[in-house]
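Q: I am new to reading protein models. Can you take me through one, feature by feature?

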Amino acid sequence: MAYQFDKLKVLVVDDNAHMRKLVVTILQAFGALQILEAADGAQALAMLRDAQPDVIVLDWVMDGMTGLEVAKEIRTSPNTPNPFVPIIMLTGHTALDHVRQARDAGVNEFLAKPVSVKAILTRLIAVI
């Protein structure tokens, strides 16, 4: 089945510019046209309000607010514009404990670094 990602709005949140660029490039290769980038949790939450993305690809380890804290804020804050937006957690920490913490915070899919094109595609399809 062919998926059309051209109408999908994706927010990529990572404090590492190179990692953001890698994920953006892969999403563009799938045909995604509306890709937003945030370098930290506060920026991500503001973009969630302003741009209303369909999917969020969120790094766990970031300065300031961690991805886990961002996910919890999205899921539980009374001010969140979309508590059900799909979240794909991107991390180098793949221990079972981390996976459980992410799940308990409301993360839909877990993506281990280093990422592969196939892994991103699989997780993206899983959440949409």
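Q: Where does Pro114 lie?
A: Pro114 lies in the loop between β5 and α5. Helices (H or I, at least four residues) and strands (E, at least two) are DSSP runs, numbered from the N terminus. This is a predicted model, in which local features need pLDDT of at least 70, side-chain atom pairs count only at pLDDT 80 or more, and totals for chains, interfaces and linings use all residues. Residues are numbered from 1 along each chain as its sequence is written, and side-chain values use heavy atoms, with hydrogens and water left out.

Q: What kind of peptide bond joins Lys113 and Pro114?
A: Start with the general rule. Most residues other than glycine have a negative phi, and most peptide bonds are trans. Here the bond between Lys113 and Pro114 is cis, with omega at about -5 degrees.

Q: Which value does phi of Gln52 come near?
A: Phi of Gln52 is near 50 degrees, a positive value in a residue that is not glycine. Gln52 sits in the loop between α2 and β3. Its relative accessible area is 47%, so Gln52 counts as partly exposed. The cut-offs are these: buried means under 20% relative accessible area, exposed over 50%, partly exposed in between (1.4 Å probe, protein chains only).

Q: In what order do the strands of the sheet run?
A: First, the general idea. Strands of a sheet pair through backbone hydrogen bonds, either parallel or antiparallel. Two strands count as paired if DSSP finds at least two bridges between them. In this model, 5 strands form an open sheet in the order β2-β1-β3-β4-β5, with parallel pairing. The edge strands are β2 and β5 (109-112), and each pairs on one side only. From one strand to the next, the twist averages 20 degrees. Axes are lines fitted to C-alpha atoms, for helices over the stretch in contact, and angles run from 0 to 180 degrees between N-to-C directions.

Q: How many bridges join β1 to β2?
A: There are 5 bridges between β1 and strand β2 (residues 34-38), and the two run parallel. Val12 stands opposite Glu37 in β2. β1 also pairs with strand β3 (residues 55-59), in the parallel sense over 4 bridges. There, Val13 stands opposite Leu58 in β3.

Q: Why is β1 called largely enclosed?
A: Count the buried residues. In strand β1 (residues 9-13), 4 of the 5 residues are buried, so the rest of the structure largely encloses β1.

Q: Which strands does α1 lie across?
A: α1 lies across β1, β2, β3 and β4 (87-91), and runs at about 170 degrees to β2. α5 packs on the sheet too, touching β3, β4 and β5. The direction of α5 makes about 175 degrees with that of β5. Contact means heavy atoms within 4.5 Å.

Q: At what angle do α1 and α5 cross?
A: The axes of helix α1 (residues 17-29) and helix α5 (residues 117-127) come within 10 Å and cross at roughly 70 degrees. α1 and α5 are therefore roughly perpendicular. Angles under 35 degrees count as roughly parallel, over 145 as roughly antiparallel, 65 to 115 as roughly perpendicular and the rest as oblique. Val23, Ile26 and Leu27 of α1 make the contact with Val117, Ile120 and Leu124 of α5. By class, these are 6 nonpolar, no polar and no charged residues. Ala, Val, Leu, Ile, Met, Phe, Trp, Tyr, Cys and Pro count as nonpolar, Asp, Glu, Lys and Arg as charged, and the others, Gly among them, as polar.

Q: How do α2 and α3 pack?
A: Helix α2 (residues 41-51) and helix α3 (residues 67-76) pack at about 30 degrees, with axes 10 Å apart. They are therefore roughly parallel. Gly41, Leu45 and Leu48 in α2 meet Val70, Glu73 and Ile74 in α3. This contact has 4 nonpolar, 1 polar and 1 charged residues.

Q: Which residues is Glu109 in contact with, leaving aside neighbours within four places in sequence?
A: They are Ile87, Ile88, Met89, Arg123, Ala126 and Val127. Glu109 belongs to strand β5. With 23% relative accessibility, Glu109 counts as partly exposed.
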